[in-house]
Structures are given as C-alpha cells and as structure tokens.
Amino acid sequence: MATITYRHPDGTTTVLDVPSGSNVMRGALANGVEGIEGECGGDGICATCHVYVEHCPIAFPPADENEDELLDCTASPRRDNSRLSCQLPITDELSTLVVLLPEKQV
Amino acid sequence: MAGTPIVIVGAGQGGMQVAASLREAGFDGPLTLVGAEPHPPYDRPPLSKRYLNGEADAAALALRTPEFYQTQNIDLRTGTRAVGIDRAHRVVVLDSGAALLYERLVLATGSIPRCLPVPGADHSDVLVLRTLAEARSLRDRLAEPRRVAVIGAGFTGLEVAAAARTAGHEVTVIEALDRVLARAVSAPVSRHVTRLHRGRGVSILFGRRVEAIEGDPDGPLRGVRLAGGENVPADLVVVGIGVLPDTALAESAGLAVADGVVVDEYLRTSDPAIHAIGDCALFPSPYAADPLRLESVQNAVDQAKCVAQYIAGDGLAAQPYRAVPWFWTDQYSDKIQIAGITTGHDRVEVLGEQEQGRFSVSCFRGDRLVGVESINRPAEHIKARRQLAATGDLAGAR
C-alpha cells in the first residue's frame with residue numbers, strides 16, 4: 001500500500017491510501033479524484049491520466065515507447081517528470097508518492 | 001434542485017458516471033442507482049482482455065470503491081431490476097416491489113448479446129461474454145486445455161480468441177461474412193487483424209453459416225456443424241455475434257423505440273423527464289448522417305457527463321451531445337483504435353508501415369474525412385480525434 005498525495009492545480013490536495021496491485025490512475029478514479037480522466041481504463045492508449053511525478057522514493061519502470069509517444073500528445077504540456085499514471089504501479093516497496101495533476105487532460 | 005429525486009436505471013459504466021458527474025456538478029438531491037447485476041459498477045472492457053487472461057481479478061475491475069457510494073450519498077441498489085415505469089406518477093417499480101419516485105429518470109440499460117438461433121445453442125458449454133459472471137464462467141472453463149470455437153469475428157469474439165490462443169488453447173473462429181470486423185473497420189485493418197490471428201495459429205473460417213451446435217445435452221460438446229456439412233470439433237463455444245439494445249423497460253413505458261431508445265441531441269427520450277444513454281440509446285450525431293447507437297465506453301461516459309450537466313443545471317446549462325466517437329480493441333499486443341464513424345466510407349488512405357504493423361487508415365466519404373483507424377499509433381489516434389472535433393461536423397452533409 002502507498003500513501004499518494006494528488007496535488008491539484010488550484011493548490012488543494014487529496015491524500016489517499018492505495019493498495020498494492022493497483023496503480024496511480026486507478027487509485028484516483030476509484031475514489032473519485034477529479035483531474036484524472038483515464039478514458040481507456042488504463043490500457044495505455046488515451047493520454048488522459050497524465051501526471052507530473054514530484055516526489056517518489058523508488059524508481060518506477062521507465063516509460064515504454066507507447067507511453068513516450070502518448071506523452072507527446074497530452075493536453076497539458078509534457079515536462080521531464082511527466083508520466084501516464086496508469087503505468088505507475090503501486091507496490092509494497094512504494095510507501096509515499098506525490099503527483100501534481102495537470103491543468104487539463106482532454 | 002435539492003430534494004429532486006433522480007433515478008438511474010443501469011449500473012454499468014454509463015449509469016455510474018451519471019451519478020458521479022451529478023455529484024461533481026454539485027447536485028445534492030436524492031440519487032438512486034439501480035443495477036441488475038449483483039456487483040457494484042465495474043469496468044467491462046477488461047472482461048475480454050486482462051480479466052480473461054488472469055492479469056486482473058474481479059476486485060481490480062471495480063470502477064469506484066464501496067466507500068465512494070457512501071461518501072457521495074449515492075443509493076446503490078445492485079442485484080435488482082427495474083420492471084416498470086409509471087410515467088404519469090413518475091415512479092420506477094423494481095422487481096423487489098420497491099417503488100422509486102423520480103423527478104428525472106436516466107435509462108442506462110445497456111445491451112444484451114444476440115442469441116444464436118440454432119439447435120444446441122443452449123448447451124452449458126456455449127457461452128456469451130457480456131457480464132462479469134459470464135467472464136468468470138469462461139475463465140473457469142479455460143483453466144484446462146480446450147478446443148474453442150468462436151462464432152463471430154467481431155471485437156468481443158476476436159479478443160476472446162486472442163486470449164484463449166495466448167493461453168495455449170486450440171482456437172477456430174467462424175465468421176459468416178468474408179472478413180473480420182467487417183461492420184466496424186476498413187479492409188486494410190481487417191487484413192492486418194486476420195494476419196495477426198493466423199500468425200498465432202488461430203484458424204479463421206470465412207463465409208460459413210452455423211447450422212447446429214452438436215453434443216450431448218448433459219455431457220460434452222462435440223463441435224459446430226456448418227452449412228454444407230463441414231464440422232468444427234470443439235468442446236467450448238463462444239458466441240460473439242453482436243448485441244441488441246436493452247429497450248424492454250422503455251418499450252413497456254411507451255417511449256419511442258427503434259433500434260434503441262430514441263433520444264434527441266440532449267439525450268432526452270420522447271418523455272422529456274426521461275433520458276437514455278449508452279448502448280441502449282439511438283441518438284443523432286454530428287459525425288453521422290443518420291441517428292446511431294454506439295456500444296463503447298467512450299459513448300457511455302461522454303453521454304453520461306452530458307446528461308449530468310443537463311440535469312444539474314435543470315436544462316438551463318444544457319449542451320447538445322457532440323463528443324467525437326472513439327473505440328479501441330486489444331488483439332494480442334496490438335492496439336487498434338478508431339476515431340470517428342467510418343461506416344459507409346468509400347475511400348481510404350493508408351499511412352505508415354503496414355508490413356511492420358504500425359499504420360493509420362484515414363476513411364473518407366466523398367471528400368470528407370469521417371474517421372481514422374490507427375494500428376499501434378496512439379499519437380495518430382489522438383491527433384485524429386482532435387481533428388475530427390475541430391472539423392468533422394457532418395451535419396451539413398445530411
């Protein structure tokens with residue numbers, strides 16, 4: 001399980017405990033966190049679960065070719081710390097995580 | 001709007017999204033979500049993908065946590081079916097006998113698999129795939145080696161074929177028409193998908209009509225008998241020959257129904273207090289010349305948001321439904337995405353590397369781009385959606 005802080009663009013935050021086996025996108029959707037759309041349900045094809053990873057104590061699996069291509073067409077600008085949150089798994093090794101949500105997903 | 005009760009019939013992706021979006025929009029009145037299936041709303045596309053191949057379990061499919069419905073004060077009633085609407089008194093009657101008053105009602109009843117009208121189709125090893133319970137039956141049966149016959153080379157049938165073949169089962173796909181996905185994609189994409197399956201060892205038979213499913217009614221299946229006497233040996237049959245809109249409730253209530261519950265551009269039925277969304281709704285679209293019905297997550301979710309906005313603003317903030325239709329399917333590791341409505345296109349342009357399996361097909365009707373199919377080119381898909389949203393209005397072509 002990991003404690004994830006979702007920082008909204010307006011400065012507010014949502015803090016959630018998300019179980020291992022889930023991912024950063026699903027954690028947000030399951031709890032109704034606004035700002036992540038996840039239109040494809042986590043299939044890695046829609047680029048509507050874009051986040052900026054601000055603090056992460058472990059290394060996530062690097063973005064594959066597909067994710068890299070999608071990050072080039074997100075609705076908000078891509079930065080060095082841009083990821084698709086459906087590709088960020090929650091594992092037992094991950095204790096805390098802070099992500100900033102972009103201005104828009106669509 | 002406080003105190004105005006809203007009832008949503010159908011707790012699939014669309015129904016759930018109406019409830020969630022109403023709360024997001026600040027609606028704080030009574031909100032009831034009625035679902036016939038025993039489970040809280042869940043993600044359906046993985047049933048023929050990640051769930052079937054064992055990557056995802058049932059718990060991972062839940063669209064929202066159980067706490068979500070409590071904290072959002074959504075009265076979720078699962079395992080119960082709406083059996084009647086008394087429009088004069090604005091009451092929905094459930095099979096439990098309960099009666100729910102509504103000010104506005106949303107029908108999100110979805111669709112039901114088309115039955116195969118041949119002898120033997122009622123055998124317990126002849127399955128369809130629509131619900132989690134059906135997916136579980138299929139997954140259980142695939143736990144041991146099977147000879148699987150898939151009837152119908154549509155999206156669901158082919159996804160099942162891919163999952164079963166990947167797990168090592170012997171798979172034959174039987175299709176009545178002369179190519180896979182014939183009603184849904186262009187010929188170049190059909191060819192690509194056929195190559196994918198045959199390359200993995202799936203046998204695909206085209207132009208075949210099923211005459212009967214043969215086997216011992218109380219024992220194992222023997223196979224599928226085709227017109228002309230050909231026999232496909234099988235001990236498990238999966239039927240994927242399309243779905244029909246679930247319009248029974250709407251019909252019994254006297255609402256206008258054709259191939260779906262007829263709605264206007266605000267997704268209102270012939271009774272303006274009742275909306276219909278998702279698979280069951282026949283709606284006018286700027287992207288098609290005639291009213292259409294779409295079976296997709298995108299359509300269910302976007303129509304849900306549109307209706308939630310309408311209801312939350314009591315019709316004053318209403319926007320007509322204009323979302324660009326899009327759809328995807330996974331076939332093995334290939335991702336196939338469709339933007340727009342490509343039905344009835346008369347010309348295609350193929351861009352990219354067809355041989356390498358990374359290409360896009362732009363579909364035109366006359367001079368007008370009506371849709372784009374992308375094979376393993378997700379960025380092209382997103383660009384196409386944006387382009388269609390900006391320029392794809394077909395209303396003038398009517």
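This is a predicted model: local features need pLDDT of at least 70, side-chain atom pairs count only at pLDDT 80 or more; totals for chains, interfaces and linings use all residues.

1. The domain assignment of chain B gives three entries: domain 1 (6–112 + 244–312), domain 2 (115–241) and domain 3 (333–397). Taken over C-alpha atoms, the centres of domain 1 and domain 3 of chain B are 29 Å apart.

2. Nonpolar core. The largest nonpolar core holds 145 residues. The residues with the most contacts inside this core are B:Ile8, B:Leu107, B:Val150, B:Val237, B:Val238, B:Val261 and B:Val307. Helix H7(B) gives the most to the core, with ten residues. As for B:Val238, its contacts beyond four places in sequence are B:Leu127, B:Leu129, B:Leu138, B:Val148, B:Val150, B:Gly157 and B:Val160.

3. Contact between the chains. On the chain B side 21 residues take part, in contact with 16 residues of chain A. Five elements of chain B each give two or more residues to this side: helix H1 (13–24), helix H7 (297–312), strand S22 (326–331), strand S23 (334–340) and helix H8 (378–391). H8(B) makes the largest contribution, four residues. By residue class, the chain B side has eleven nonpolar, four polar and six charged residues.

4. Helix H1 of chain B. H1(B) has twelve residues and reaches 16 Å from its first C-alpha to its last, close to the 16 Å expected. Nine of the twelve residues are buried, so H1(B) is largely enclosed by the rest of the structure. Among the buried residues are B:Gln13, B:Met16, B:Gln17, B:Val18 and B:Leu22. Strand S1 (6–9), strand S2 (31–34), strand S7 (104–107) and H7, from chain B, are included in what covers them. Just after H1(B), B:Gly26 has a positive phi of about 95°.

5. Two hairpins in chain B. Strand S4 (residues 82–86) and strand S5 (residues 91–94) are antiparallel and joined by four bridges, with B:Asp86 partnered by B:Val91. Four residues lie between the two strands of this hairpin, and B:Arg90 in the turn has a positive phi of about 50°. S5(B) also pairs in the antiparallel sense with strand S6 (residues 99–101), over three bridges, and here B:Val91 stands opposite B:Leu101. The hairpin of S5(B) and S6(B) again has four residues between its strands. In its turn B:Gly97 takes a positive phi of about 95°.

6. Three-stranded sheet. The order in this open sheet of chain B is S18-S19-S21, with mixed pairing. Strand S18 (257–258) and strand S21 (281–282) are its edges, each pairing on one side only. Strand S19 (residues 260–262) runs parallel to S21(B), and two bridges join them. B:Val261 has B:Ala281 as its bridge partner; B:Val261 is also listed among the residues with the most contacts inside the largest nonpolar core.

7. Two loop residues. B:Ala234 sits in the loop between strand S15 (231–233) and strand S16 (236–239) of chain B. Is B:Ala234 buried or exposed? It has 27 C-beta neighbours inside 10 Å and therefore counts as buried. Its contacts beyond four places in sequence include B:Arg147, B:Thr172 and B:Val224. B:Val224 is ten residues away along the chain, with 6.8 Å between the C-alpha atoms. In chain A, A:Glu34 lies in the loop between helix H1 (24–30) and strand S3 (50–55). A:Glu34 counts as partly exposed because it has 13 C-beta neighbours inside 10 Å. A:Glu34 and A:His8 are 26 residues apart in sequence, and their C-alpha atoms are 8.5 Å apart.

Methods: Residues are numbered from 1 along each chain as its sequence is written. Chains are lettered from A and ligands numbered from 1 in the order in which they are written. Two strands pair if DSSP finds at least two bridges between them. Two residues are in contact if their C-beta atoms, placed from the backbone, lie within 7 Å. Ala, Val, Leu, Ile, Met, Phe, Trp, Tyr, Cys and Pro count as nonpolar, Asp, Glu, Lys and Arg as charged, and the others, Gly among them, as polar. Domain bounds come from an automatic or database domain assignment. A nonpolar core is a set of buried Ala, Val, Leu, Ile, Met, Phe, Trp, Tyr and Cys residues joined through C-beta atoms within 7 Å. A residue is buried if 20 or more other C-beta atoms lie within 10 Å of its own, exposed if 12 or fewer, and partly exposed in between; C-beta atoms are placed from the backbone. The expected span of a helix is 1.5 Å times one less than its number of residues.
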